[in-house]
Amino acid sequence: MKRKLTILFAALCLMTTAAWAQELPKKVGNVDLFDLKNEPMKLPEFGKKNLMIFYIDPQAHKQNEDFTVELEESHRAEGENLLGFGVINLKDAPLFPNWLVRSIARKRTKKNGALVMADPKHLLRDAWDLGDCNNLFVLLIVSKEGELTYMHKGELTEADKEEFYRVIEKYK
């Protein structure tokens, strides 16, 4: 009886884990989002370049700050076939007014020249079936063929960073 319960428990755990796991790569489409002035726009260069997207909840914007600084300073993820940009997940930050987050982002992008868009209603999350992104820094890679090939949610460990650098090499 104890063995049957152990096997049943193990099977349930495997089924639950499989349900949560993202099958990658998976085909995704371009998404209608907004610029920082709240004007509609699609994902830039979708289907023309590989995309590295930082999908960030404003409440977790410092979650991988050391990694983003490292990326900017090292240029390890730059290449003529790759476009990197940010998308602010406004919906999961109800305590921060959207206008304020956009205003802060506009000031920062004016200084660093980064491209940042806004997602006020989980448009990207839902269109690509990303699952729960609340309080998370989500790192995505989409090939120019329109396939989501990489996704990492939350804090990056050193092993996660090395895996990302290994993966990004083929998309630069």
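**Close-up views: pocket and salt bridges**

**View 1. Lining of the largest pocket.** The lining of the largest pocket holds 21 nonpolar, 10 polar and six charged residues. Nonpolar means Ala, Val, Leu, Ile, Met, Phe, Trp, Tyr, Cys or Pro; charged means Asp, Glu, Lys or Arg; the others, Gly among them, are polar. The model is predicted: local features need pLDDT of at least 70, side-chain atom pairs count only at pLDDT 80 or more, and totals for chains, interfaces and linings use all residues. Residues are numbered from 1 along each chain as its sequence is written, and side-chain values use heavy atoms, without hydrogens and water.

**View 2. Centre of the largest pocket.** The volume is about 1300 Å³. Of the 37 lining residues, Thr68, Glu72, Asn112, Ala114 and Val116 are the closest to the centre. A pocket is an open set of points on a 1 Å grid where a 1.4 Å probe fits, with protein on both sides within 12 Å along at least five of seven lines; lining residues have an atom within 4 Å of a point. Volume is the space filled by probe spheres set on the points, which are joined across faces, edges and corners.

**View 3. Asp32 and Lys42.** These side chains meet in a salt bridge (2.9 Å, N to O). That term means a side-chain nitrogen of Lys or Arg within 4 Å of a carboxyl oxygen of Asp or Glu. Asp32 lies in strand E2 and Lys42 in strand E3, so the pair ties together parts 10 residues apart in sequence. Strands (E, at least two residues) and helices (H or I, at least four) are DSSP runs, numbered from the N terminus.

**View 4. Arg166 and Glu163.** Their salt bridge spans 2.7 Å, N to O. Both residues sit in helix H5, three residues apart, about one helical turn.
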